[in-house]
Amino acid sequence: MKKVLIIVMSLSIFSLFPNESIKESITKHLNNLATDAQNGRAPGSKESREVAEYIKSQFSEIGLETSYQTFGFNNRLKNVIGVIPSNNGKYIVIGAHYDHLGSFLGTVYNGADDNASGVSAIIEISRQLIREKLQYGIVFVAFDAEESGLNGSRYFVNNTDYKIDLMLSLDMVGHLNHEARLIYEGAATIINGEKFLENSEVDNISVKTYPVANHSGVLTDTFYFSKKNIPAMNVYTGLETSNYHKPTDDIETLDIDGMVQVVKQVSRFITDIQGDIEPSGINIYGNHKQRFGIAFSTNGITINGMTPVGYSLYGGEHYFKYGLEYLYESEKKSSVNTPVGFLFSFKILGFEIGSGAGIYGSININKLINEQFEYQAGFYLENIFNLYNNISYLNSIFVSFDYGFGYKNFLQEGITEFNKIPRGGLKFGFYF
Ligand SMILES: [Zn+2]
């Protein structure tokens with residue numbers, strides 16, 4: 001039997017590091033990352049290179065195996081990597097992007113919360129974890145060029161040999177005082193993740209989990225990990241009080257005592273992992289796979305396919321959708337329809353809600369039997385409500401409502417007739 005994540009009481013001794021010493025270190029990091037001297041850490045800038053050097057020196061001092069991973073035009077961008085080696089070849093990645101927006105017309109965007117806070121936290125988490133007996137090796141990565149399109153994390157995950165079982169991205173952890181709770185989005189990407197996280201609370205901090213990325217709607221460095229189906233979680237304290245992407249995102253606004261709690265909580269979470277992390281198969285940004293479905297309504301049956309064409313914000317997906325349906329209206333009229341269209345969905349608390357539109361063509365089967373053709377073409381709209389991934393052998397159960405209207409007979413008799421067409425109305429179905 002495979003050992004899976006076991007929920008245990010923490011045995012770790014974080015008291016080795018008094019809060020005051022963690023706080024002192026965090027303050028030092030912030031002063032080396034988010035003052036005007038760092039000029040907003042724009043990717044490729046001189047100041048950005050100095051910041052990368054600072055992060056690397058901190059990782060080295062703590063005792064991690066450090067390296068740079070350079071990429072981009074002229075190799076001007078760099079991720080900073082610090083590793084606690086693994087006994088069994090398995091790794092957890094703990095990342096935080098260190099770049100920010102730079103300066104504009106003399107105004108420096110210091111990005112204290114976004115994301116000097118996350119970088120300072122992962123440095124201190126590494127100091128905690130290097131002394132612990134861990135089930136997993138840890139790869140700490142300070143990513144470059146997140147703000148310009150998640151470039152550092154994309155390069156890392158596409159060019160690494162580490163076998164990664166879990167990725168955490170700390171992005172904006174400096175405002176714990178807002179609600180005294182640390183948010184984990186993507187807790188459902190591993191088996192028992194939600195339960196496990198709720199058991200790893202420390203001191204005055206509670207953990208608020210979301211099964212998938214449905215809260216902020218802002219993409220961060222977990223994204224390209226999720227594309228490789230690696231379980232991933234966004235860890236942050238919230239956007240509400242953060243001066244997100246404003247020149248006022250300064251060190252003075254941060255809750256540094258809260259950051260100490262964040263360091264302790266994440267460290268405890270990692271230290272408590274006793275068995276193998278099992279992926280749940282749920283992706284933080286959506287499952288992004290081909291789906292086939294069958295749906296029933298009072299007057300028909302529909303078989304359809306959904307090909308994913310992209311991720312949407314709020315953990316949903318974009319689909320190209322196609323189908324074949326049989327609808328019965330009366331003894332004189334039953335039809336075969338061929339709807340094709342697009343569907344856009346988002347996720348809330350494990351549910352998927354989507355809207356779609358498309359076109360369809362249909363043939364009257366009864367008339368076809370009498371060697372007559374009656375064609376129809378039209379437009380449909382649909383809304384779906386999807387309870388997904390909750391039953392092991394089904395991908396999802398859904399109810400949908402659709403309706404359409406169109407013109408009929410326009411090909412055969414030379415006349416057009418506007419006709420409201422009952423296309424199934426309320427449907428109930430399954431996706432595999
Ligand atoms: Zn950020």
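This is a predicted model: local features need pLDDT of at least 70, side-chain atom pairs count only at pLDDT 80 or more; totals for chains, interfaces and linings use all residues.
A residue is described as buried if 20 or more other C-beta atoms lie within 10 Å of its own, as exposed if 12 or fewer do, and as partly exposed in between, the C-beta atoms being placed from the backbone. Residues are numbered from 1 along each chain as its sequence is written.

Of the 432 residues of the chain, 47% count as buried. The secondary structure comprises eight helices and 18 strands, where helices (H or I, at least four residues) and strands (E, at least two) are DSSP runs numbered from the N terminus. Two residues are taken to be in contact if their C-beta atoms, placed from the backbone, lie within 7 Å; among contacts between residues at least 6 apart in sequence, 72% join residues at least 24 apart.

Helix α4 (residues 151-158) is largely enclosed by the rest of the structure, because six of its eight residues are buried. These buried residues are N151, G152, S153, Y155, F156 and V157, and they pack against the strands β1, β2, β3 (90-97) and β6 and against helix α6 (223-227).

Helix α2 (residues 46-62) has 17 residues and reaches 25 Å from its first C-alpha to its last, close to the 24 Å expected at 1.5 Å a residue, the expected span being 1.5 Å times one less than the number of residues. Its buried residues are S48, V51, A52, Y54, I55, Q58, F59 and I62. They cover an arc of only 160° around the axis and therefore lie on the same side of α2, the arc being that of the directions from the helix axis to the C-beta atoms. The face turned away from this buried side carries the exposed residues K46, S60 and E61. The elements that cover the buried residues of α2 include α1, β1 (65-71), β2 (77-84), α3 (112-129) and β6 (137-143). Just after α2, G63 adopts a positive phi of about 115°.

Two packed helices are described by the angle between their axes and the distance between the axes. The axes of helix α1 (residues 19-33) and helix α7 (residues 256-271) come within 9 Å and cross at roughly 110°; axes are lines fitted to C-alpha atoms, for helices over the stretch in contact, and angles run from 0 to 180 degrees between N-to-C directions. The helices α1 and α7 are therefore roughly perpendicular to each other, given that angles under 35 degrees count as roughly parallel, over 145 as roughly antiparallel, 65 to 115 as roughly perpendicular and the rest as oblique. The contact is formed by N19, I22, K23, I26 and T27 of α1 together with I256, D257, M259, V260 and V263 of α7. The residues of this contact divide into six nonpolar, two polar and two charged, where Ala, Val, Leu, Ile, Met, Phe, Trp, Tyr, Cys and Pro count as nonpolar, Asp, Glu, Lys and Arg as charged, and the others, Gly among them, as polar. Helix α7 has 16 residues and reaches 22 Å from its first C-alpha to its last, close to the 22 Å expected at 1.5 Å a residue, and this helix is mostly covered, with 13 of its 16 residues buried.

Two loop residues were examined for their contacts. L254 is placed in the loop between β10 (232-236) and α7 and counts as buried, with 26 C-beta neighbours inside 10 Å. The C-alpha atoms of L254 and A112 are separated by 7.5 Å, although these residues are 142 residues apart along the chain. When residues up to four places away in sequence are not counted, L254 touches A112, D113, S117, G174 and M259. M172, in the loop between β7 (163-170) and β8, counts as buried with 27 C-beta neighbours inside 10 Å. Its C-alpha atom is separated by 5.4 Å from that of N115, 57 residues apart along the chain. With residues up to four places away in sequence not counted, the residues that M172 touches include D113, D114, N115 and Y236.

Most residues other than glycine have a negative phi, and most peptide bonds are trans. A cis peptide bond, with omega about 5°, joins D114 and N115, and N115 lies in helix α3. N75, which is not a glycine, has a positive phi of about 55°; N75 lies in the loop between β1 and β2 and is exposed, with 10 other C-beta atoms within 10 Å. Phi is likewise positive, near 65°, at N192, which is found in the loop between β8 (181-185) and α5 (193-198) and counts as partly exposed, with 18 C-beta neighbours inside 10 Å.
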